[in-house]
Amino acid sequence: MDSSQGSTLTSAAANVDVCVLDLVPVYVKELIAGGAAGAFSKTAVAPLERVKILLQTRTQEYRSLGVFQTLRRLKQTEGVLGFYKGNGASVLRIAPYAALHYMTYERYRCYLLNNYSSYLGTGPFVDLLAGSASGGTAVLCTYPLDLVRTKLAYQVRDPDQGGKNIIRRVSAPPAYTGIRDVFKRVYQEGGFRSLYRGVCPTLIGILPYAGLKFYIYEDLKEQVPEEYKNSVTLRLTCGALAGLFGQTLTYPLDVVRRQMQVQSQRLTDQVEGPRITGTFQGLAAIARSQGWRQLFAGLSLNYIKVVPSVAIGFTSYDMMKNVLRVPPREKTNSSSASAS
């Protein structure tokens, strides 16, 4: 009797869960799945992200060190938590960024297929346009949080000061104490516009990168037999290849963005070359004063970071979509586009 009652309660609870999930709009499910995937993947690769920023911005204490030496020194001077400095701001940024990126990609894709399939077709070119548009949308909505993350990660502790959070530069600006402090002081420096310092190279970089990433990912999947298209391993492999290819083409723009974000934290006599005021001027200035190799500083580390990040991101997103019962989109959109 008890077992039958228990099974009845279990089935009733399951029915309630299904009803609740059915009431949630698809775009909300996509937001939740994308945000969770972004947070999981970003936290997993946070130590590599911190090292990459230190290499990109040529921080004085780390400019002559390699990847593993930098990791070792960070642990010695700041402890394990030093690997995750700025990760709070990073997760606060990446969760809404990934949520918006995935959700708006799906929405833009549906819109293009439903309204412009006769002009654009239904192939990967639609993914190129939808991916670029979604990347730009997500960046504009979350860029101030990326600025905060970079400024916090750029700070390093002086080992000669007993581990205190002091930057070893005479007359250097005082260290930021947290996310709120960065927002307050950056806003005081130049108002609302200062919160978007470096956004132009970011947009110029993210538009082709996001578009290429989705374009290559969807195009690679189209080459795979139907019975293997649901393979998690296949999805991860296609996503990693797309991410690596896109990163290589757009990485110099990321270096310009990082240096623009942190140049206010440097002393005038420590800035190598002229002040960066724009994207193309920054590319030329960095190549001229620091060498063209600086435009790819940290790229090898980014390769190491991208593979697990994409793997965890895609896996988490697929798992969350299954849990939230997000319906498959590809066949539905293609068929609707053909019908129209």
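Please keep in mind that the model is predicted.

I will start with the core. The largest nonpolar core is made of 17 residues. Those with the most contacts inside it are Tyr97, Val139, Leu152, Val182, Val186 and Ile206. Which elements give two or more residues to this core? They are α5 (87–120), α6 (124–154), α7 (179–190) and α8 (199–222). Helix α6 provides the largest share, six residues.

Take leucine 152 from that list. If we leave aside its neighbours within four places in sequence, leucine 152 is in contact with Lys85, Gly86, Ala89, Tyr176, Gly178, Ile179 and Val182. Val182 is also among the core residues with the most contacts.

Is aspartate 181 buried or exposed? Its relative accessibility is 18%, so aspartate 181 counts as buried; the cut-off for buried is under 20%. Not counting residues up to four places away in sequence, aspartate 181 touches Ala175 and Tyr176.

Now the salt bridges. How many does the structure hold? It holds four, and I will go through some of them.

One of them joins the side chains of arginine 107 and glutamate 30, with 2.9 Å from N to O. This pair links distant parts of the chain: arginine 107 is in helix α5, glutamate 30 is in helix α2 (residues 26–44), and they are 77 residues apart. The two partners can be described by their accessibility. Arginine 107 counts as partly exposed because its relative accessibility is 34%. Glutamate 30 has 4%, so glutamate 30 counts as buried.

Another salt bridge is formed by aspartate 127 and arginine 109, whose closest N and O atoms are 2.9 Å apart. Here too distant parts of the chain are linked, with aspartate 127 in helix α6 and arginine 109 in helix α5, 18 residues apart. Both aspartate 127 and arginine 109 are buried.

A further salt bridge has glutamate 189 and arginine 197 as its partners, at 4.0 Å from N to O. With 45% relative accessibility, glutamate 189 counts as partly exposed.

Which residues make the nonpolar surface patch of about 390 Å²? They are Tyr111, Tyr116 and Tyr119. Tyrosine 111 belongs to helix α5. Tyrosine 111 has 44% relative accessibility and therefore counts as partly exposed.

Last, helix α11 and what follows it. Helix α11 covers residues 299–323, which is 25 residues. At 1.5 Å a residue, α11 should span 36 Å, and its end C-alpha atoms are 35 Å apart, so the two values agree.

Just after α11 comes arginine 325, with a positive phi of about 60°. Why point this out? Most residues other than glycine have a negative phi. Arginine 325 is not a glycine, yet its phi is positive. Where is arginine 325 found? Arginine 325 lies in the loop between α11 and α12 (330–339). At 46% relative accessibility, arginine 325 counts as partly exposed.

To recap briefly: the largest nonpolar core has 17 residues, the structure holds four salt bridges, and arginine 325 has a positive phi although it is not a glycine.

Technical notes
Residues numbered from 1 in each chain as written. Predicted model: local features only at pLDDT ≥ 70, side-chain atom pairs only at ≥ 80, totals over all residues. Heavy atoms only, no water. Core = buried A, V, L, I, M, F, W, Y, C linked by side-chain atoms within 4.5 Å. Buried < 20%, exposed > 50% of the residue type's maximum accessible area, 1.4 Å probe, protein only. Helix = DSSP H or I, 4+ residues; strand = E, 2+ residues; numbered from the N terminus. Contact = heavy atoms within 4.5 Å. Patch = residues over 30% accessible without salt bridge, like charges linked within 9 Å, V, L, I, M, F, W, Y side chains within 5 Å. Areas by Shrake-Rupley, 256 points an atom, 1.4 Å probe, with all protein chains shown as cover. Expected span 1.5 Å × (residues − 1).
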